[in-house]
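Hi,

Here is the structure I promised to pass on.

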Amino acid sequence: MSATSNGSARFLIVGPQGSGKGTQGVLVAEAFGVPQVATGDIFRANVSGGTELGKRVQAIIEAGDLVPDALTSELVRDRLAQPDAAGGFLLDGYPRNRGQVDDLSGFLAGRGEALDAVIELEVPRDESIARLRERAVQQGRTDDTEEVIANRLAIYERETAPILDVYREQGLVVRIDGVGSLDEVTQRIFDALAGRGLVAERSGGNGAAA
Ligand code: ADP
């Protein structure tokens, strides 16, 4: 069952590393009752599980480079074909460049679907770097070293930020100020989506109906 009045909840969340998009993405997905599909998490699970895919992508991830589009798009297409994504999904970390945008719209169109909204989480560069440094200490992710962080942010600015222009032309982008408390930012996202008729059944932890 999808959660919105127009019957679908197909979202994409985009923001620089350290913007909090992973955390917010989980909350939005839960509220709308759709799976969160985070390519970075899927790749990391494969690396730690020692799968064939994990072996192919490990060095790429540790360098902060992008996994090839064909591999990434196939992975996402297969994931979105699972029954739990039939009524919607929240994509985090995919698409990350123009090629992936085209792949995604191609396979969604093949299913008679399209995105309902693209959530752009805006955080100034200094703030996202500071948050990443903090996370590096807490989580010990192998790609959170200074050098790799710089590479990932450069790729974001060069390849990922421009995809927002494509979605802006399609009128899909909701721009959210990502600076504030976790709850404040979550509430901004729900309010902005609600402004487009995309209302979650469970709109989060701020006293809204459960
Ligand atoms: P971050 O956004 O902090 O870089 P992610 O968890 O989203 O972290 O991604 C971690 C890594 O996984 C990326 O640096 C890249 O190597 C790989 N990856 C994730 N999503 C994609 C994608 N859509 N295309 C190519 N590579 C990806």
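This is a predicted model: local features need pLDDT of at least 70, side-chain atom pairs count only at pLDDT 80 or more; totals for chains, interfaces and linings use all residues.

Residues are numbered from 1 along each chain as its sequence is written, and side-chain values use heavy atoms, with hydrogens and water left out.

Pockets

The largest pocket holds about 1,100 Å³ of space. (A pocket here is an open set of points on a 1 Å grid over the protein atoms alone, where a 1.4 Å probe fits, with protein on both sides within 12 Å along at least five of seven lines; lining residues have an atom within 4 Å of a point. The volume is the space filled by probe spheres set on the points, with grid points joined across faces, edges and corners.) Its lining runs to 49 residues, and Gln17, Gly18, Lys21, Arg135 and Arg141 lie nearest the centre. Elements giving two or more residues to that lining are β1 (9-14), α1, β2 (36-38), α2 (39-48), α6 (125-139), α7 (146-160) and α9. (Helices are DSSP runs of H or I with at least four residues, strands are runs of E with at least two, and both are numbered from the N terminus.) The largest share, six residues, comes from α6. By class, the lining of the largest pocket has 16 nonpolar, 21 polar and twelve charged residues. (Ala, Val, Leu, Ile, Met, Phe, Trp, Tyr, Cys and Pro count as nonpolar, Asp, Glu, Lys and Arg as charged, and the others, Gly among them, as polar.)

The second largest pocket has about 160 Å³ of space. Of its 13 lining residues, Pro16, Leu121, Glu122, Val123 and Tyr156 lie nearest the centre. Here β4 (117-122), α6 and α7 each give two or more residues, and the lining divides into eight nonpolar, one polar and four charged.

Helix packing

α1 (residues 21-32) packs on α9 (residues 182-194) at about 50 degrees, with the axes 10 Å apart. (Axes are lines fitted to C-alpha atoms, for helices over the stretch in contact, and angles run from 0 to 180 degrees between N-to-C directions.) The two helices are therefore oblique to each other. (Under 35 degrees counts as roughly parallel, over 145 as roughly antiparallel, 65 to 115 as roughly perpendicular and the rest as oblique.) Among the residues in contact are Leu27 and Val28 of α1 and Ile189 and Phe190 of α9, where contact means heavy atoms within 4.5 Å. That contact has nine nonpolar, three polar and no charged residues.

With α4 (residues 69-80) and α5 (residues 98-110), the angle is about 30 degrees and the axes are 10 Å apart, so these helices are roughly parallel to each other. Asp69, Thr72, Ser73, Val76, Arg77 and Leu80 of α4 meet Gly99, Gln100, Asp103, Leu104, Phe107 and Leu108 of α5. Five of these residues are nonpolar, four polar and three charged.

α4 also packs with α2: their axes come within 11 Å and cross at roughly 100 degrees, which makes α2 roughly perpendicular to α4. Thr39, Ile42 and Phe43 in α2 meet Thr72, Leu75 and Val76 in α4, a contact with four nonpolar, two polar and no charged residues.

The peptide bond

Tyr94 and Pro95 are joined by a cis peptide bond, with omega about -5 degrees. Pro95 sits in the loop between β3 (88-92) and α5.

Cheers
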